Amino acid sequence: MDAAVLCYEGAWQTTLMGKETMRTIVILAAVAALAGCGVETATTAATVAAAKKKEIEQGKKTMDQMQQNIGKAMEQTQQSAERAEDAAK
């Protein structure tokens, strides 16, 4: 009878150890999954930031080109006005 009790107690301990091991595995899997989400979020944020930086740089180039075009147009208008004034004299 003592052997049966020991066998049963041993099985019970093994079952408890199995539950603890399974719990540990589940917790580790959850931590790994959440860590993966954090990496993905950080990567996505970095990609978006790089795209925004490129967009801002392109906007600055466009603004510089437009300012140059406006400057040229103003010079042409001034020259045209000066020619018209000289022709009127």
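Residues are numbered from 1 along each chain as its sequence is written, and side-chain values use heavy atoms, with hydrogens and water left out.

Next, colour by pLDDT, the predictor's confidence in each residue from 0 to 100: the mean for the protein is 78, and 70% of its residues reach 70 or more. Select residues 1-14, where pLDDT stays under 50. Where pLDDT is low, the predicted coordinates should not be read in detail.

Now show the secondary structure, which consists of 1 helix and 0 strands, assigned as DSSP runs (H or I, at least four residues, for helices; E, at least two, for strands) numbered from the N terminus.

Then select Lys52 and Glu55, which form a salt bridge with their closest N and O atoms 4.0 Å apart; the term requires a side-chain nitrogen of Lys or Arg within 4 Å of a carboxyl oxygen of Asp or Glu. Because Lys52 and Glu55 are 3 residues apart in helix 1 (residues 2-88), about one helical turn separates them. Lys52 is partly exposed, with a relative accessible area of 48%, whereas Glu55 is exposed, at 52%.

Finally, select Met22, a residue of helix 1.

Definitions and conventions
This is a predicted model: local features need pLDDT of at least 70, side-chain atom pairs count only at pLDDT 80 or more; totals for chains, interfaces and linings use all residues. Buried means under 20% relative accessible area, exposed over 50%, partly exposed in between (1.4 Å probe, protein chains only). Contact means heavy atoms within 4.5 Å.
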